[in-house]
Amino acid sequence: RGLGKFKAAFMGSTSKYVVKHAPCNVLIIKGTSMKEEIHDPAAKVDRLEKAERERREAENKTVEEHEVDVEEVKKAEEKERARRVEEDRKVDELEKSYSALNKNIVI
């Protein structure tokens, strides 16, 4: 740990304390100290965050464009449905008219 004898005696050892006071068996594994973490430079992190932000904005625009397209398709489908209903109504009126004419024709 890099402590002098005085500091080590004063601070004590966590592993010694655990061994002495634990209500169960303890296995101590001595390992090397952890290496210092290496972080990416701030500029690289900023660049990656900016790229991710731009990707998400582009994705949101795509979703918004898709939603607009869906609304336009729904409007077009509704218009087509209304046209077909009107066409069916006219056909029904013509059939009734022809039916009435046929009843009046005497052979």
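## Arg-83 and its two partners

In this predicted model, Arg-83 and Glu-80 sit three residues apart in helix 3, which places about one helical turn between them. Their side chains meet in a salt bridge, with a distance of 2.6 Å from N to O. Arg-83 has a relative accessible area of 41% and is therefore partly exposed, and Glu-80, with a relative accessible area of 27%, is partly exposed as well.

Arg-83 also meets the side chain of Glu-87 in a salt bridge, here with an N to O distance of 3.1 Å. Arg-83 and Glu-87 both belong to helix 3 and are four residues apart, again about one turn of the helix. Glu-87 counts as partly exposed, its relative accessibility being 41%.

## The pair Arg-81 and Glu-78

A further salt bridge joins Arg-81 to Glu-78, whose closest N and O atoms lie 2.8 Å apart. Both residues are found in helix 3, which covers residues 42–104, and a separation of three residues puts them about one turn of the helix apart. Arg-81 is partly exposed at a relative accessible area of 46%, while Glu-78, at 42% relative accessibility, is likewise counted as partly exposed.

## A network and the overall count

Salt bridges also link four residues, Glu-52, Arg-55, Arg-56 and Glu-59, into a network. Across the whole structure, the search finds nine salt bridges, including the one between Arg-81 and Glu-78 and the one between Arg-83 and Glu-80. As a general point, side chains of opposite charge can pair when their charged atoms come close.

Methods. Residues are numbered from 1 along each chain as its sequence is written. This is a predicted model: local features need pLDDT of at least 70, side-chain atom pairs count only at pLDDT 80 or more; totals for chains, interfaces and linings use all residues. Side-chain values use heavy atoms; hydrogens and water are left out. Helices (H or I, at least four residues) and strands (E, at least two) are DSSP runs, numbered from the N terminus. Buried means under 20% relative accessible area, exposed over 50%, partly exposed in between (1.4 Å probe, protein chains only).
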